[in-house]
Amino acid sequence: MAELSVSFIVCVCVVCGALLGMYLRRVLPADYLKDDTRQIVNVAIGLIATLAALVLGLMVASAKSSFDARADEVRESGARVVMLDRSLRQYGPETAETRQILRQLIENRIKRVWGTPKDQVQEGAAGSQAAEIEAVRQQLFALAPANDAQKWLQARALTMAADLEQSRWMLIEHGRSTIPRPFLVVVVFWLVVIFANFGLFAPPNSTVYTIIFVCALSVATAIFLILEMDQPYEGVLQISNEPLVGALSEISR
């Protein structure tokens, strides 16, 4: 899992920063660690800590906003599928084949996004799903409405099919990361500097070492959660497929 690997690297980096500070504490002359020097360094580190907190807050807000948007898209897709199927059902028995293609489309989408790695084909999934939606549209164009009610249902079904295609492209676009990697690199650098300051001025005892390690683990966990929210279709924090599963159950009746 890439997110776990990145988080582990972050934890190692900040711990190494603390170890670097401890090493500098031993080799630097005592004059370099006097109280007036410590005060200046603490002020500077406080500024860096504030900047790191602001950037982390922006990353959390960006990841959470993206996560919520994707979850909303899944729910809206489920609702559109049910509405499209009902329109086809009301149109008449001649839409039975179109409804079968629609069910197959939803089944394949669930497999590609939430299925096993064997089912998740990145490039092929997009092209295959485009062909399935196009097949639904062609079936709708081929209908010959006999009255105004069927004309209205056909127009409504075409609109819903267009919305489903838009949702597919939104799913593809939102599959990309929203966290700029330079942000992550800069934040990790700032955290290393902060932990180096901890090691530089911290008294050498087991309690301090334990607290520094717990803090490093907490920072790595925060980065892990941010990255998990940024990739919501895999990993621990995963968007539920219940809206589409429920829609598939509804249209299969």
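Guide: A residue is called buried when its relative accessible area is under 20%, exposed when that area is over 50%, and partly exposed in between. Because Arg75 has a relative accessible area of 46%, it falls in the partly exposed class, and the model in which this value was computed is a predicted one. The side chain of Arg75 meets that of Asp72 in a salt bridge, with N and O 2.2 Å apart. Asp72 is likewise assigned to the partly exposed class, at 33% relative accessibility. Both residues belong to helix H2, which spans residues 35–91, and since they stand three residues apart in that helix, about one helical turn separates them.

Helix H2 also contributes Arg86, whose partner lies elsewhere in the chain. The side chains of Arg86 and Glu250 form a salt bridge with an N to O distance of 3.4 Å. Because Arg86 sits in helix H2 whereas Glu250 sits in helix H8 (residues 242–251), this pair ties together parts that are 164 residues apart in sequence. Arg86 has a relative accessibility of 44%, and therefore counts as partly exposed.

A further pair is found in helix H4, which covers residues 122–141 and holds both Glu134 and Arg137. These two residues form a salt bridge in which the closest N and O atoms are 2.6 Å apart. They are three residues apart in the helix, so that about one helical turn lies between them.

With a side-chain nitrogen of Lys or Arg required to lie within 4 Å of a carboxyl oxygen of Asp or Glu, the count comes to seven salt bridges.

For a view of a nonpolar part of the surface, one can turn to the patch made by Leu20, Tyr23, Leu24 and Val27, which has an area of about 370 Å². Of these residues, Tyr23 is placed in helix H1, residues 2–27, and because its relative accessibility is 52%, Tyr23 counts as exposed.

Methods. Residues numbered from 1 in each chain as written. Predicted model: local features only at pLDDT ≥ 70, side-chain atom pairs only at ≥ 80, totals over all residues. Heavy atoms only, no water. Helix = DSSP H or I, 4+ residues; strand = E, 2+ residues; numbered from the N terminus. Buried < 20%, exposed > 50% of the residue type's maximum accessible area, 1.4 Å probe, protein only. Patch = residues over 30% accessible without salt bridge, like charges linked within 9 Å, V, L, I, M, F, W, Y side chains within 5 Å. Areas by Shrake-Rupley, 256 points an atom, 1.4 Å probe, with all protein chains shown as cover.
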